[in-house]
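Please open the model in your viewer and keep the selection tool at hand. We will go from the whole chain down to single side chains, one stop at a time.

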Amino acid sequence: MAAVVGGYVAAQPVVSELMVWGARLQIVTGLILVGMAESIDSIGKDPNMVKIGLKLGLAIAIAAFAEIGHADAKRGKSVAWMTHAAGGLAIATVLIAVLWTATLFGGAMPGIYNGHSLLEA
């Protein structure tokens, strides 16, 4: 996420290579973390799949806008709205991760786990 947002701020109005690789890594690392959280029963926490699904959909959209925008920039056709879409959606994923609470969408606590704080021992 930091690579996408940082690349967005630094390279406007074109999609930089940093944004493309950041978007790709955002999907891969997210899938790895969710897979690990699902497979380890000893931690006793249930991932919030609605939140994870929403963030996965946004991550795929970010990657699509970044890939298409970067390919267009290589051909000399800069499409600034794709840069803004990728950067804006990356910021939206941060807001979803931070602000998802019991009052929003029926989640229990901030974080990806239902009923458990990420800070519990």
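Start with the contacts across the whole chain (contact means heavy atoms within 4.5 Å): among those between residues at least 6 apart in sequence, 65% join residues at least 24 apart. You are looking at a predicted model, in which local features need pLDDT of at least 70, side-chain atom pairs count only at pLDDT 80 or more, and totals for chains, interfaces and linings use all residues. Residues are numbered from 1 along each chain as its sequence is written, and side-chain values use heavy atoms, with hydrogens and water left out.

Now colour by secondary structure. The chain has 4 helices and 0 strands, giving the pattern α-α-α-α along the sequence. Helices (H or I, at least four residues) and strands (E, at least two) are DSSP runs, numbered from the N terminus.

Of the 121 residues in the chain, 35% are buried; buried means under 20% relative accessible area, exposed over 50%, and partly exposed in between (1.4 Å probe, protein chains only).

**Stop one: helix H2**

Select residues 17–39, which make up helix H2. Its 23 residues reach 33 Å from the first C-alpha to the last, close to the 33 Å expected at 1.5 Å a residue. The expected span of a helix is 1.5 Å times one less than its number of residues. Show the buried side of the list: Met19, Val20, Gly22, Ala23, Gln26, Ile27, Val34 and Ala37.

Zoom in on Val20, which is buried because its relative accessible area is 1%. Leaving aside neighbours within four places in sequence, Val20 is in contact with Val15, Ala66, Glu67 and His70. Draw a distance from Val20 to Ala64 as well: they are 44 residues apart along the chain, and their C-alpha atoms are separated by 9.0 Å.

Side chains of opposite charge can pair when their charged atoms come close. The structure holds 2 salt bridges, each being a side-chain nitrogen of Lys or Arg within 4 Å of a carboxyl oxygen of Asp or Glu.

Select Arg24 and Glu67 for one of them, where the closest N and O atoms are 2.6 Å apart. This pair links distant parts of the chain, with Arg24 in helix H2 and Glu67 in helix H3, 43 residues apart. Arg24 is partly exposed at 30%, and Glu67 is partly exposed at 33%.

Then select Arg75 and Asp72, whose closest N and O atoms are 3.0 Å apart. Here Arg75 is exposed at 64% relative accessibility, whereas Asp72 is buried at 7%.

**Stop three: along H3**

The buried residues of H3 include Leu58, Ile62, Ala66 and His70. Just after H3, click on Gly76, which takes a positive phi of about 90 degrees.

Select Phe65 and Trp81: the pair is edge-to-face, 5.6 Å centre to centre, with 75 degrees between the planes. Phe65 lies in helix H3 (residues 49–74) and Trp81 in helix H4 (residues 80–99), so the pair ties together parts that are 16 residues apart in sequence.

Finish at Met82 in helix H4, buried at 9% relative accessibility. Not counting residues up to four places away in sequence, Met82 touches Val15, Phe65, Ile68, Gly69 and Asp72.

Key:
Phe/Tyr/Trp six-rings, centres within 6.5 Å; stacked < 30°, edge-to-face > 60°.
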